[in-house]
Amino acid sequence: MPSLSERVEAVRKRIERAAESAGRTPQDITLVAVTKNVPVDRIREAIELGISQVGENRVQEAEQKIAALGPCAATWHLIGSLQTNKINKALRLFSLIHSIDSKRLAAAVQCRAEREGIVVPCLIQVNVSGEETKHGITFESAVSDIREIAEHSCLEIRGLMTIAPYTSDPESVRPIFRKLRELADRVSELGLPRVSMDVLSMGMSGDFEVAIEEGATMVRIGSALFGQRG
Ligand SMILES: *Cc1c(COP(=O)(O)O)cnc(C)c1O
């Protein structure tokens, strides 16, 4: 089995190649290492290899890891669904919340952030594929939902996030990524306050090259770095 260092190197190379083949600058793509179910020692090793952005699905799990590694060891991203009763914790732990997946959650985050007097950088998760198992605002209602969410004065919407359907043929999900980028362009044109569409969080181990070709600025990669999860 390749070492973690070899895996990190291989993923970086693939990101670079995908960017270049799309005429993009590799530096414009941020690698977020997804560390759900990855033990702290392994995360520390990844950080020592230059991983600076780390993504976790669950607030509780992240809290323990951040306590073990120290808050400054990396920049932490929340990429999994956020329960209302974990919002306060999440606001303390994460630099970017990728998973604002409903108007209701946005309102709840606004409420907590207002009380704390903070502004929360976040992404809106869009269920582009329409799969029932996936979280996110629907593609059809996205523009109007984002207009509403943008009224919350304590949310700074930096972009969009999506999860493509699982597939062994990444080409088949290219249209999903393209639709997210086109949606971002449309939202951008609205010129909403506190809304920028600089971040497109899309692409995972099985499909990140296609996502980069379609404009991803953040890729969330777990198993290609750490191996299959048990
Ligand atoms: C687990 C997970 C990833 C990483 O998945 P891999 O296929 O292991 O790269 C990315 N994004 C989200 C939201 C995840 O839950």
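**Entry 1: overall size**

I began with the radius of gyration, taken over C-alpha atoms: a compact globule of 230 residues would have one near 17 Å, and the chain has 17 Å, so the two agree. The globule rule I used is 2.2 Å times the number of residues to the power 0.38. This is a predicted model, so I kept local features to pLDDT of at least 70 and side-chain atom pairs to pLDDT 80 or more, while totals for chains, interfaces and linings use all residues. I number residues from 1 along each chain as its sequence is written, and side-chain values use heavy atoms, with hydrogens and water left out. Along its principal axes, the C-alpha trace spans about 50 × 40 × 30 Å.

**Entry 2: make-up**

I found nine helices and nine strands; these are DSSP runs numbered from the N terminus, helices being H or I with at least four residues and strands E with at least two. Next I looked up burial, and 52% of the 230 residues count as buried. Here buried means under 20% relative accessible area, exposed over 50%, and partly exposed in between, with a 1.4 Å probe and protein chains only. I also checked contacts (heavy atoms within 4.5 Å): among those between residues at least 6 apart in sequence, 60% join residues at least 24 apart.

**Entry 3: strand β5**

I then turned to β5, residues 120-127: eight of its eight residues are buried, so the strand is largely enclosed by the rest of the structure. V120, C122, I124 and V126 point one way, while P121, L123, Q125 and N127 point the other way. A handy reminder for my notes: in a regular strand the side chains alternate between the two faces of the sheet. β5 pairs with β4 (residues 96-100) in the parallel sense over two bridges, and DSSP must find at least two bridges for strands to count as paired. I saw I97 opposite C122 of β5.

**Entry 4: H152 and a contact of it**

H152 sits in the loop between α6 (142-149) and β7 (155-161). I have H152 down as buried, because its relative accessible area is 19%. Setting aside neighbours within four places in sequence, I list A106, A107, Q110 and R194 as its contacts. R194 itself is in the loop between α7 (174-190) and β8 (195-201). I noted a positive phi of about 60° for R194, although it is not a glycine, and a relative accessible area of 34%, so R194 is partly exposed.

**Entry 5: N37**

N37 also has a positive phi, of about 65°, without being a glycine. I place N37 in the loop between β1 (30-34) and α2 (40-48), and N37 is exposed, with a relative accessible area of 56%.
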